[in-house]
Amino acid sequence: GMSQRGGDVQSNLRLSDEPIASDLIPKGHADLIISLEPMESLRYLPYLKKEGWLVTNSRPFVNIPNYPEIEKVNAELDRLPHKVVLDVEEIAKEAGSVRAANIVMLGAAAPFIGIEYDKIEAGIRQIFGRKGEDIVNMNLKALKAGYDLAQSLR
């Protein structure tokens, strides 16, 4: 949709054991930004708190004529103290399917979202269970690959 035509797409997710007054996260208060595109991750940095983490794909999706040079995007990413930058498509392909890129990203974000890893694994089993054990195992492999990489960069 919008992202393929150069527009931005964002979602806010707030997890808390206390009542949440708004689903929107104010600037400077996000604990984590997850992005499937490196330039898009830079667009949302004003929302990230100082000690927050960015988890982003390293591979650009150049869909606008004035996309900045990737070296400039990477230079901005390199300035961040808390980041996980990974080629999710390549990792997903190694795990068995490039279609598992979003699961690689989930794995890379898992150390920062406050949900136990085994519960995320159980969710993967439940969501993909009807598609067969091979699909479940491929997605679990993708999840673990992203998770392991993020853990090594923390």
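Q: What does contact mean here?
A: Contact means heavy atoms within 4.5 Å. This is a predicted model, where local features need pLDDT of at least 70, side-chain atom pairs count only at pLDDT 80 or more, and totals for chains, interfaces and linings use all residues. Residues are numbered from 1 along each chain as its sequence is written, and side-chain values use heavy atoms, with hydrogens and water left out.

Q: OK, which residues does Ser35 touch?
A: Not counting residues up to four places away in sequence, Ser35 touches Glu40, Ser41, Val55, Thr56, Asn57 and Met105.

Q: Where does Ser35 lie?
A: In strand β1, residues 30-35. Strands (E, at least two residues) and helices (H or I, at least four) are DSSP runs, numbered from the N terminus.

Q: Buried or exposed?
A: Ser35 counts as buried because its relative accessibility is 8%. Buried means under 20% relative accessible area, exposed over 50%, partly exposed in between (1.4 Å probe, protein chains only).

Q: Switching to α5, which residues are buried there?
A: Tyr117, Ile120, Ile124 and Phe128. Seen down the helix axis, the buried residues of α5 fall within an arc of 60 degrees, so they line one face; the arc is that of the directions from the helix axis to the C-beta atoms.

Q: What covers them?
A: The cover includes α4 (101-109) and α6 (133-153).

Q: And what does the face turned away carry?
A: The exposed residues Lys119 and Gln126.

Q: Last one: which way do the side chains of β3 point?
A: They alternate along residues 83-86.
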